[in-house]
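Subject: Structure handover

Hello,

Here is the structure I said I would pass on. Please look through it first; my notes on what was found follow below.

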Amino acid sequence: MDFVRFSTDAWGQRVLEGISWDLLPVAIGLGALVIVVHAIYRAVRKRRAS
Amino acid sequence: MPDTSPTLAAERVQRHAAVDRVFHWIVALAVLTLLATGLLPVAGVKFSWVTIHWITGVVLALAVVFHLIRATFWQRLRCVWIGLKDLRNALAHRRAAKYSLAQKLMHNGMTGVILTLVITGLCMLAKVETPWWKRNPYFFAADTWGVVYVLHGAAALLTVTLVMIHVYFALLPEKRVYLRAMWRGWDTPSEFAVYHDPARWPGSGGERR
């Protein structure tokens, strides 16, 4: 997976274009991972407390 | 209709002034609009997004400048500063001052990504045709534009992650007191007693160290 995108300009040179949009699912997945891990931690704590 | 009787009002602990709540919800609306207009085209949803994106970006930039001035000169920046005491208190499960360690981490993370988005976004306005100036794609060299785009895109992706986490915690039943405080401004004394250390935050204004 690439972290950045490149393109070629009119002179054939490689130009930095921006962040790789392949990382969008990674960003969403990271958010979902934090939520799931915390939800599990919260459920375990609640069960132990009761 | 909110009850504003003197008795009930006296029993409430003011957490957020109206101006700060308005700022929060303007930023929330602007960030969601910017994420939608910036990232939906990436996901394949094609529409004319540039105008609404840059206008919302300018609104966000103005809100951020307002908040920076207000936080620096009218509020206490130490309220969001993370010190060793915050780490010790969090590890010992002690009550927080005005903001918990998690809230400070979220605020400071959001500050970092939103400042990056605003600064790089303002640079990118040079490439947009507006009623006030002609677009100038040669304002920066090609390599510099690349760095600006990478920073803007990386900050946008981090914003997606942070917004997801922020909304999740705001909707948790035990954290809804904070959501209500951000909507209506106050905590009840019993909520205050559960979540806050009165020695470090007396219940209005900034916190003590």
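Does helix α4 (residues 84-91) of chain B lie buried or largely in the open? Of the 8 residues of this helix, the number buried is 0, so α4(B) lies largely in the open. A residue is called buried if 20 or more other C-beta atoms lie within 10 Å of its own, exposed if there are 12 or fewer, and partly exposed in between, with C-beta atoms placed from the backbone. Helices (H or I, at least four residues) and strands (E, at least two) are DSSP runs, numbered from the N terminus.

Before the rest, some conventions. This is a predicted model, in which local features need pLDDT of at least 70 and side-chain atom pairs count only at pLDDT 80 or more, while totals for chains, interfaces and linings use all residues. Residues are numbered from 1 along each chain as its sequence is written, and chains are lettered from A and ligands numbered from 1 in the order in which they are written.

The two chains

Chain A has 1 helix and 2 strands, in the order β-β-α from the N terminus on. Its C-alpha atoms fill a box of roughly 70 × 10 × 10 Å along the principal axes. The radius of gyration of chain A is 20 Å, whereas a compact globule of 50 residues would have one near 10 Å. That radius is taken over C-alpha atoms, and the globule rule is 2.2 Å times the number of residues to the power 0.38. Of the 50 residues of chain A, 8% count as buried.

Chain B has 8 helices and 2 strands, and its pattern along the sequence is α-β-α-α-α-α-α-α-β-α. The C-alpha trace of chain B spans about 60 × 40 × 35 Å along its principal axes. Of its 209 residues, 20% count as buried. Among contacts in chain B between residues at least 6 apart in sequence, 72% join residues at least 24 apart. Two residues are in contact if their C-beta atoms, placed from the backbone, lie within 7 Å.

Where the chains meet

On the chain B side, 17 residues are in contact with 17 residues of chain A. Helix α6 (residues 142-171) of chain B gives the largest share of that side, 15 residues. By class, the side of chain B that touches chain A has 13 nonpolar, 3 polar and 1 charged residues. Here Ala, Val, Leu, Ile, Met, Phe, Trp, Tyr, Cys and Pro count as nonpolar, Asp, Glu, Lys and Arg as charged, and the others, Gly among them, as polar.

From chain A, one residue to look at is A:Leu24, which is placed in helix α1 (residues 23-49) of chain A. A:Leu24 is partly exposed, with 17 other C-beta atoms within 10 Å. Leaving aside neighbours within four places in sequence, A:Leu24 is in contact with B:Leu39, B:Val42 and B:Leu157.

Helices α5 and α6 of chain B

Helix α5 (residues 101-124) of chain B packs against α6(B) at an angle of about 145 degrees, with the axes 9 Å apart. Axes are lines fitted to C-alpha atoms, for helices over the stretch in contact, and angles run from 0 to 180 degrees between N-to-C directions. By class, the contact of α5(B) with α6(B) has 12 nonpolar, 7 polar and no charged residues. B:Ala155 is in contact with B:Val113, B:Thr116 and B:Leu117, leaving aside its neighbours within four places in sequence.

The core

The largest nonpolar core has 20 residues, of which B:Val113, B:Leu117, B:Ala155, B:Ala156, B:Leu157 and B:Leu158 touch the most other members. Such a core is a set of buried Ala, Val, Leu, Ile, Met, Phe, Trp, Tyr and Cys residues joined through C-beta atoms within 7 Å. At least two residues of this core come from each of α1 of chain A and α2 (18-39), α5 and α6 of chain B. The largest share, 8 residues, is from α6(B).

Two further residues

B:Leu60 lies in helix α3 (residues 50-73) of chain B and counts as buried, with 21 C-beta neighbours inside 10 Å. Not counting residues up to four places away in sequence, B:Leu60 touches B:Val27, B:Ala30, B:Val31, B:Leu34 and B:Val118.

B:His93 is in the loop between α4 and α5 of chain B. B:His93 is exposed, with 6 other C-beta atoms within 10 Å. Its phi is positive, about 55 degrees, although B:His93 is not a glycine.

Regards
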